[in-house]
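This report concerns side-chain pairings and the surroundings of selected residues in one protein model. Please consult the sequence and structure shown here while reading.

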Amino acid sequence: MSTIISGTCLCGAVRYEVPDEFHAAFNCHCSRCRRATGSAFKPMAAIVFEKISLVQGQDDVLIYGEPQGTHDVHCRHCGSFLYSYIAENGNGHVAMGTMVDAPSIRPQFHMFVGSKAPWFEITDSLPQFEGLPG
């Protein structure tokens, strides 16, 4: 049985749980992720979307994007970005900064470095991909 990771938004209105069964973790530098987080990149952990359970604040979420398609889930009160649904592959991308508990996975690569913030320098030794890896 997997350890359960809990996560929350800044104000605490929305909480989720997810098993520590992530199959990838990465730092995305695309302009969309930078704008969604207000940061140089978005650290995410990927898991089958159905494994993410919203345990508090079902009426407090704001869906940005297509509710039946690819979308982001935010807290409608504080604006925290919590996770995404990727319709093309059924994955969920959990914003690692919202996890209360530490997952066993760590970021494995940087993606979309071709559009990274010009003021940010990547200083670690993780692999870098201009776009999607592979």
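## Salt bridges

The structure holds two salt bridges (a side-chain nitrogen of Lys or Arg within 4 Å of a carboxyl oxygen of Asp or Glu). The model is a predicted one, in which local features need pLDDT of at least 70 and side-chain atom pairs count only at pLDDT 80 or more, while totals for chains, interfaces and linings use all residues. Residues are numbered from 1 along each chain as its sequence is written, and side-chain values use heavy atoms, with hydrogens and water left out.

Helices (H or I, at least four residues) and strands (E, at least two) are DSSP runs, numbered from the N terminus. Glu-21 is partly exposed, with a relative accessible area of 32%, and Lys-51 is partly exposed at 34%. Here buried means under 20% relative accessible area, exposed over 50%, and partly exposed in between (1.4 Å probe, protein chains only).

Asp-72 and Arg-32 also meet through their side chains in a salt bridge, at 3.2 Å from N to O. Asp-72 lies in strand β7 (residues 71–75) and Arg-32 in helix α1, so the pair ties together parts that are 40 residues apart in sequence. Asp-72 is buried, with a relative accessible area of 4%, whereas Arg-32 is partly exposed at 43%.

## Aromatic pairs

Seven aromatic pairs are found in a search of the whole structure. Rings of Phe, Tyr and Trp (its six-membered ring) pair if their centres lie within 6.5 Å; planes under 30 degrees apart count as stacked, over 60 as edge-to-face and the rest as tilted. Phe-41 and Phe-120 form a tilted pair, with 5.4 Å between centres and 55 degrees between the planes. Phe-41 is in the loop between α1 (31–37) and β4 (42–48), and Phe-120, 79 residues apart from it, is in the segment after β10 (110–111).

Ring pairs also link Tyr-16, Phe-49, Tyr-83 and Tyr-85 into a cluster.

## Surroundings of Asn-91

Asn-91 is located in strand β9 (residues 91–95) and is buried, with a relative accessible area of 13%. Leaving aside neighbours within four places in sequence, the contacts of Asn-91 (heavy atoms within 4.5 Å) include His-23, Phe-49 and Tyr-85.
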